Each structure stands twice: as C-alpha cells, then as structure tokens.
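Please read them with the structure open.

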Amino acid sequence: MKLGLRTYAYHWRRPPLTDMLEDVSRLDGEVFQICDWPELEATSRSERRTLSARAADLSIELEVGTRADTPAEVRRYLGYCDDLDSRLLRVLPGPSLASPESLGGLLPACETAGVTLALETYESVPSNTLLDLVTRLDHPRVGICLDPSNCIAALEFPDDVTTRLAPHTVNVHVKDFVFRRREDRIGFLLVGCPLGEGMLDLDALLNAARDSPADPNAIVELWLPDCGERTPKIEADWAGASIRRLRRER
C-alpha cells in the first residue's frame, strides 16, 4: 500500500500543482492525486508531461480524479491520465454513469489506456448500487474508491460501507471526522479533524485496503472548516500529522 495526499488536502492554500507535488515529496508521500481540480484543465499537455516527469524524478505516483459525469468527459480525463502517466481515474458516478451500460461502454478505452476507474462512495449513489455495478461488470478495470465518511450524508454507517465494498476497493480516501451537536444545540455538525483524533475506524479502513486484491493506494484528504486567517497553517499541520499517522499505521 502506497501513501499520499490529494488536492483536497490543499483546499485552503491552493498552491500551483507543481508546489503541491514538491510538498508531497517533502512529507515523504508516495502518491499525489489530482482530483476535482479545475486548474488541471487549464494546463497544456506539455505542462502535464513536465509535471509527470518531475513526479517520476521524485518517485511519486500520480493519480487523477474528476467530477465529470458523462462518458465523453471521462474519455477526456483518460487523456489527462495518459499525459500524467496515471493508472487510476477516480469518478463520482451520477445518473449519467451509474449504469452497467454507460460504464461498460468505457471499459475498452480504459483497457487501451491501462487505467482503472475508481467509483467513489458518495451520498448521491447508495453503496449497494455501487456494489451492484462493479459486481455486474466484473471487470478488472473498474472498482471502488472507498471513502466511507462521505456516506454519512446518505444515513449509511461508515463501517457498514467499508465491510460491504472492501473486496472491490481499488483506491482509499482517508479523512477523519467528528459528528457533534452545534453549540446552540440546534442540529449537528459533521466536520474534519486530524487523522486519529476522530470517529473514523482507521484500522477497519486500512484492513480493507490490505485485504483488497488490487493493493490500493491510501490517500489523505481533509475536511477542515474555515478557521479564519490561521486556516492555511492549520491545513498544513493537519496534512503533515495525518500522513505521519497513516505511515505509522501502515
């Protein structure tokens, strides 16, 4: 299992991709996932190839992710995967993709590109639907991006999601969280915290990754709320602390 960070660990700082890559290297990360990052689309193919070459120099594996929800957009991102030498494309399968027909039509292109589609667990699609999709397709180029924290919004228990989808996991997103009442006692808050300090069952998540035949990478992301002018510094501290904790647990 390789460890790394994704662009969601730089939500508040938002440095250039090249700076993020250098930061991942400084933190001894092995993977950098560029996910849902509009700036990627503004780069030229030459710039993407330069970023890929630098990642190779640093011994860092690149992965790509997108919110694109049509087959045409996924095919476009397969081109970005080629530019960046990424072997994985994480997608959020909404209505236009969440069917065996739509996803099945993309698999020949994935085979040609040597890219695996990682369908992320998210509140918009029940985990049982994702399980049915990957089971029916039964193809080595499609699997699950396991992020059990996301499914709380759909009233699914994270541990249940982890157990259900572990055998099909090809990528893991690791973020800790706390679920607590608001200070005014009206409603609840679901917010992030440094890894190991919240309610995430990290052992279960990492065991799922270890048991998966795909040997998925584990990628740190953060749910950091706005903390005012100190937010960028806190974000950097959380990122470093989280990947150090993940390295100890690996």
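**Notes on the predicted model**

1. Valine 170 counts as buried, because its relative accessibility is 14% and the cut-off for buried is under 20%. The model is a predicted one. Valine 170 belongs to strand β7, residues 169–174.

2. What does valine 170 contact, leaving aside neighbours within four places in sequence? The list has Leu88, Thr116, Leu117, Ala118, Gly143, Ile144, Ala214, Pro216 and Asn217. A separate check is the C-alpha distance to leucine 146, which is 7.8 Å.

3. Now the overall arrangement. Eight strands close into a barrel, and the pairing is parallel. The order is β1-β2-β3-β4-β5-β6-β7-β10. From one strand to the next, the twist averages 30°. As background, strands of a sheet pair through backbone hydrogen bonds, either parallel or antiparallel.

4. Strand β2 spans residues 31–35 and is mostly covered. Five of its five residues are buried. Val31, Gln33 and Cys35 point one way from β2. Phe32 and Ile34 point the other way. Residues on both faces are buried, Gln33 included.

5. How many bridges join β1 to β2? Three, and the two strands run parallel. Strand β1 covers residues 3–6. Glycine 4 sits opposite valine 31 of β2. Between β1 and β2 the chain passes through helix α1, residues 17–26. This β-α-β crossover is right-handed.

6. Strand β2 also pairs with β3, residues 61–66. Five bridges join them, again running parallel. Valine 31 stands opposite glutamate 61 in β3. Cysteine 35 stands opposite glycine 65 in β3.

7. Arginine 90 deserves a look. Is this residue buried or exposed? Arginine 90 counts as buried, because its relative accessibility is 1%. Its place is in strand β4, residues 88–91. Residues up to four places away in sequence are not counted in what follows. Arginine 90 touches Arg6, Cys35, Asp36, Val64, Gly65, Thr66, Arg67, Ala118, Glu120, Cys145 and His173. Cys35 of that list is one of the buried residues of β2. Gly65, also on the list, is the residue of β3 opposite cysteine 35.

8. Next, a helix pair. Helix α3 (residues 45–57) and helix α4 (residues 71–84) have axes that come within 7 Å. The axes cross at roughly 50°, which means that α3 is oblique to α4. From α3, the contact uses Arg45, Arg48, Arg49, Leu51 and Ser52. From α4, it uses Tyr80, Asp82, Asp83 and Leu84. By class, the contact residues are three nonpolar, one polar and five charged.

9. Which strands pair in the antiparallel sense over six bridges? They are β8 (residues 176–181) and β9 (residues 188–193). Phenylalanine 179 has leucine 190 in β9 as its bridge partner. The hairpin has six residues between the strands. Arginine 185 in this hairpin takes a positive phi near 70°.

Methods. Residues numbered from 1 in each chain as written. Predicted model: local features only at pLDDT ≥ 70, side-chain atom pairs only at ≥ 80, totals over all residues. Heavy atoms only, no water. Helix = DSSP H or I, 4+ residues; strand = E, 2+ residues; numbered from the N terminus. Buried < 20%, exposed > 50% of the residue type's maximum accessible area, 1.4 Å probe, protein only. Contact = heavy atoms within 4.5 Å. Pairing = 2+ DSSP bridges. Right-handed = clockwise from strand over helix to strand, strands pointing away. Axes fitted to C-alpha atoms, helices over the stretch in contact; angles between N-to-C directions. Parallel < 35°, antiparallel > 145°, perpendicular 65-115°, else oblique. Nonpolar A, V, L, I, M, F, W, Y, C, P; charged D, E, K, R; others polar.
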